[in-house]
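This briefing covers one protein chain, shown below. The notes after it are grouped by topic.

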Amino acid sequence: MNTHFPTPSTWLDLSGAKEFACDDVQMRELMATFEVSLNQEIANIKAGLAAKDPLKVEHSLHALKGFMSLFAAPALAQSVIDLYQDNRNQSLMTTKSTFETILPNLEALLTEVRAWSSRL
């Protein structure tokens, strides 16, 4: 597989995704799906927090947690996993505060995914 990330990336880590993608075509498909999902789940979490809807936030955190280990640097993936797990035992305001702390990193990851995809 020729797929690689030629420039340094802070948050994008494709080592997990490479285990699933058999070739460059599959990697591009995985990345396209990830880009849409990441963007959507960030928006869903923001909307859930704004609406004070803990179930919406929990569902979106669960979805986000599910694919982070395939595409994100371990530290960022773990922060999302921790947020999902902690969300169940803390107030929505605490979840919001933690989410807002990692949101710039998630947005940076989305930018890196888009940059990766634009080079194809």
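Lys-52 is found in the loop between H2 and H3. The structure is a predicted model, and the chain averages a pLDDT of 91.

- Lys-52 has a phi near 55°, which is a positive value in a residue other than glycine.
- Most residues other than glycine have a negative phi.
- Lys-52 counts as exposed because its relative accessible area is 60%, and the cut-off for exposed is over 50%.
- Pro-54 lies in helix H3, which covers residues 54–71.
- With a relative accessible area of 46%, Pro-54 is partly exposed.
- Between Pro-54 and Met-93 there are 10.0 Å in space, C-alpha to C-alpha, and the two are 39 residues apart in sequence.

**Helices H2 and H3**

- Helix H2 spans residues 24–50 and packs with H3 at an angle of about 150°, the axes being 9 Å apart.
- That angle makes H2 roughly antiparallel to H3, because angles over 145 degrees count as such.
- The crossing of H2 and H3 is left-handed.
- On the H2 side, the residues that meet H3 include Leu-30, Met-31, Phe-34, Leu-38, Glu-41 and Ile-45.
- On the H3 side, the residues that meet H2 include Lys-56, Val-57, Leu-61, Leu-64, Phe-67 and Phe-71.
- The contact of H2 with H3 is made up of 13 nonpolar, 4 polar and 2 charged residues.

**Helices H4 and H5**

- Helix H4 (residues 74–87) and helix H5 (residues 92–118) have axes that come within 11 Å and cross at roughly 155°.
- H4 is therefore roughly antiparallel to H5.
- The crossing of H4 and H5 is left-handed.
- From H4, Leu-76, Ser-79, Val-80, Leu-83 and Asn-87 take part in the contact with H5.
- Their partners in H5 are Thr-95, Thr-98, Phe-99, Ile-102, Asn-105, Leu-106 and Leu-109.
- By class, the contact of H4 with H5 holds 7 nonpolar and 5 polar residues, and no charged ones.

**Confidence**

- Of the residues in the chain, 92% score a pLDDT of at least 70.
- Over residues 1–7 the pLDDT stays under 50.
- For residues 1–7 the model has 19 contacts beyond four places in sequence.
- Where pLDDT is low, the predicted coordinates should not be read in detail.

Note on methods
Residues are numbered from 1 along each chain as its sequence is written. This is a predicted model: local features need pLDDT of at least 70, side-chain atom pairs count only at pLDDT 80 or more; totals for chains, interfaces and linings use all residues. Side-chain values use heavy atoms; hydrogens and water are left out. pLDDT is the predictor's confidence in each residue, from 0 to 100. Contact means heavy atoms within 4.5 Å. Helices (H or I, at least four residues) and strands (E, at least two) are DSSP runs, numbered from the N terminus. Buried means under 20% relative accessible area, exposed over 50%, partly exposed in between (1.4 Å probe, protein chains only). Axes are lines fitted to C-alpha atoms, for helices over the stretch in contact, and angles run from 0 to 180 degrees between N-to-C directions. Angles under 35 degrees count as roughly parallel, over 145 as roughly antiparallel, 65 to 115 as roughly perpendicular and the rest as oblique. A crossing is left-handed if the near helix is turned anticlockwise from the far one by less than a right angle, and right-handed if clockwise. Ala, Val, Leu, Ile, Met, Phe, Trp, Tyr, Cys and Pro count as nonpolar, Asp, Glu, Lys and Arg as charged, and the others, Gly among them, as polar.
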